[in-house]
Amino acid sequence: MTITASDLTLDVPHDTQRNRDEPSVLATPSHPSQRILFVTPEIADFVKVGGLGDVSSALPRALAAHHDIRILIPAYREVLNSGLTIRRVGSLPAHADLPACEVGEMTCADGLIIYVLLCPELYEREGGPYGTGPGGYGSGGWNDNDIRFARLSLAAAEIAAGHAGLDWQPQLLHLNDWTCGLAPAYLRWLGHTVPSVFTIHNLAYQGLYDKSRCAALGIPESAFHIEGVEYYDKLSFMKAGIVYASYVTTVSATYAQEITTPEFGCGLDGLLRCKAEQGRLSGIPNGIDDSWDPRTDAHLVQAFSANDWRGKRANADYVRHRFGLAPSAGPLFAMVSRMVHQKGVDLVIEAAPSIVQAGGQLVFIGSGEQRVEAQLDRLAERYPGAVGAYIGFAEEEARCIYAGSDFLLMPSRFEPCGLSQMYAQRFGSLPIAHRTGGLADTIEDGVTGFLFDEVNQASFMQAIQQAFSVYHSTELFYAMRRAAMTGRYHWRQSIAPYTQLYQRISAEAGVEAQAAE
Ligand code: ADP
Ligand code: GLC
């Protein structure tokens, strides 16, 4: 689909400008209908590997006006060093090989309460939440991750069961990805029926372990079967979450449908099809919070808005300077990403010579597979002044790149939701992306970005060529930029679907409990 400049009506959002650190973010809940424990392995306030960190910071805050929602995370070194006071409020005994631990409570400047799982031998380490390897979830994982995340899952279940000695007990668990997958299973084995939502952020990372680990993790032998935690003779944390949670969500409508197919289902599509048929699987899209706003983002070289984006130029100059690129009137393309197979970085590397030849420039920021990192370095050496690469994770730089670039490249093979394309749009950089998952749901082809259908070079190059031609047709380019910047991807839109879901599964649990009496 394409548009002309005159097709676009301007609709500038009037978001109240609230920053994550401001004290007034968490209004007193008007309907404290549910007490919810949101369990996560990362949160952008302290430790972020990818989008789950952003989601864990923003979604509970968005929901806090409607629910008494608190967070549980492991007490990583970054958490302990955050400067926030931690009060010890509970303790949990050892179970099988899972060590005893304590529960601390801390309160963020905006009032959000975070429970931290204090277990120095498991969590207080130099390195990322999942391991020392770059790219986060993949290679280089800690070799005791089964113990680390089983401990997190069991703690969530024990808190829900009222066994931790806290003066607060959740009525519902909201669990995120494989790292929390065992929580609803432990709850079941503890004999409790607290309802739970299990959100899949990325089905490709499953937490698979040898079945011999079950005993160490306190998993009953009787649960190791095809309708329990077994996945092709292995123990699967992800499958446990899907099987035992009351309801499964994922982070976009399209991905919710895709994971029920063999192509995207990572071997769990049959189970997910059953969940969908039972009405127990759906997609609730992610959003972005007010900290991602070019009008107020303090990390930018210069602020700008959908009505006046002269400041974008200063950010582009900064990015060109940082990456050693020559001054240019051509388009600046960017990739901000974990550099892993999922993200299609190989397609971008292959497209780079054509982009440069056509007068474009290209910057990469990310880390991941070592082979890919080396390829990016070589590319930058081969095209000095036209291609730049930063291997590493740097939030401020990433924000400046969204603000300074004209186009964001995101040819992901699959993308459960994707936040980068939403940030790029908000910062006036048009995404060029594969029509899959959340990318298909959040980019309007020819209006706020460009979508291509097949993950191959020809299809991708066609979209890039289209981007070049739009860039040279200034009026249309500006109309698209304005449309992208004024898109509505705020978390507020997710509050109603999550609230309805929480109410539904709580009501069902109540009926079940009554029936059992
Ligand atoms: P995923 O969670 O699969 O990595 P998303 O698009 O949902 O993908 O989220 C990626 C998040 O990580 C975004 O906030 C993006 O800005 C950020 N990010 C990715 N790579 C880097 C990097 N090298 N430096 C800083 N931020 C990064
Ligand atoms: C995962 C997905 C990404 C999603 C993020 C947050 O890391 O790869 O698509 O946006 O989780 O839900």
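An oxygen atom of ligand 2 lies 3.0 Å from a polar backbone atom of C417. This distance, like the others in this report, comes from a predicted model.

**Ligand 2 and its surroundings**

Further contacts of ligand 2 involve G418 and N202. In G418, a backbone N or O atom is 2.7 Å from an oxygen atom of the ligand. In N202 the side chain takes part, with an N or O atom 3.3 Å from an oxygen atom of ligand 2. The table lists these contacts.

| Residue | Part of the residue | Distance to an oxygen atom of ligand 2 |
|---|---|---|
| C417 | backbone | 3.0 Å |
| G418 | backbone | 2.7 Å |
| N202 | side chain | 3.3 Å |

On its own, ligand 2 has 310 Å² of accessible area, and the protein covers 97% of this. The ligand is surrounded by 15 residues, and the closest are H201, N286, E415, C417 and G418. Sorted by class, the shell consists of seven nonpolar, six polar and two charged residues.

**Aromatic pairs**

How many aromatic pairs are there? The count comes to 25. One of them joins W189 and Y244, whose ring centres are 5.9 Å apart. The angle between the two planes is 70°, so the pair is edge-to-face, a class that requires over 60 degrees.

Where do W189 and Y244 lie? W189 belongs to helix α5 (residues 183-189) and Y244 to helix α6 (residues 237-244). The pair therefore ties together parts that are 55 residues apart in sequence. W189 is partly exposed, because its relative accessible area is 28%, which falls between the cut-offs of 20% and 50%. Y244 counts as buried because its relative accessibility is 12%, and buried means under 20%.

W292 and Y402 form another pair, with ring centres 5.9 Å apart. Their planes stand at 75°, so this pair is also edge-to-face. W292 lies in the loop between β12 (281-283) and α9 (310-322), while Y402 is part of helix α12 (residues 395-404). The pair thus ties together parts that are 110 residues apart in sequence. Both W292 and Y402 are buried.

Ring pairs also link residues into a cluster, whose members are W309, F333, F407, F450, F468, Y471, F477 and Y478.

**Charges over rings**

W309, a member of this cluster, has R481 over its face, at 5.3 Å from the ring centre.

Terms used: Residues are numbered from 1 along each chain as its sequence is written. Chains are lettered from A and ligands numbered from 1 in the order in which they are written. This is a predicted model: local features need pLDDT of at least 70, side-chain atom pairs count only at pLDDT 80 or more; totals for chains, interfaces and linings use all residues. Side-chain values use heavy atoms; hydrogens and water are left out. Rings of Phe, Tyr and Trp (its six-membered ring) pair if their centres lie within 6.5 Å; planes under 30 degrees apart count as stacked, over 60 as edge-to-face and the rest as tilted. Helices (H or I, at least four residues) and strands (E, at least two) are DSSP runs, numbered from the N terminus. Buried means under 20% relative accessible area, exposed over 50%, partly exposed in between (1.4 Å probe, protein chains only). A charge sits over a ring if NZ of Lys or CZ of Arg is within 6 Å of the ring centre and within 35 degrees of the ring normal. A residue is near a molecule or strand if one of its heavy atoms lies within 4 Å of it. A polar contact is a pair of N or O atoms within 3.5 Å; within protein, one must be able to donate a hydrogen and the other to accept it, and residues adjacent in sequence count only if both atoms are side-chain atoms. Accessible areas come from the Shrake-Rupley method with a 1.4 Å probe; for residues, only the protein chains shown count as cover. Ala, Val, Leu, Ile, Met, Phe, Trp, Tyr, Cys and Pro count as nonpolar, Asp, Glu, Lys and Arg as charged, and the others, Gly among them, as polar.
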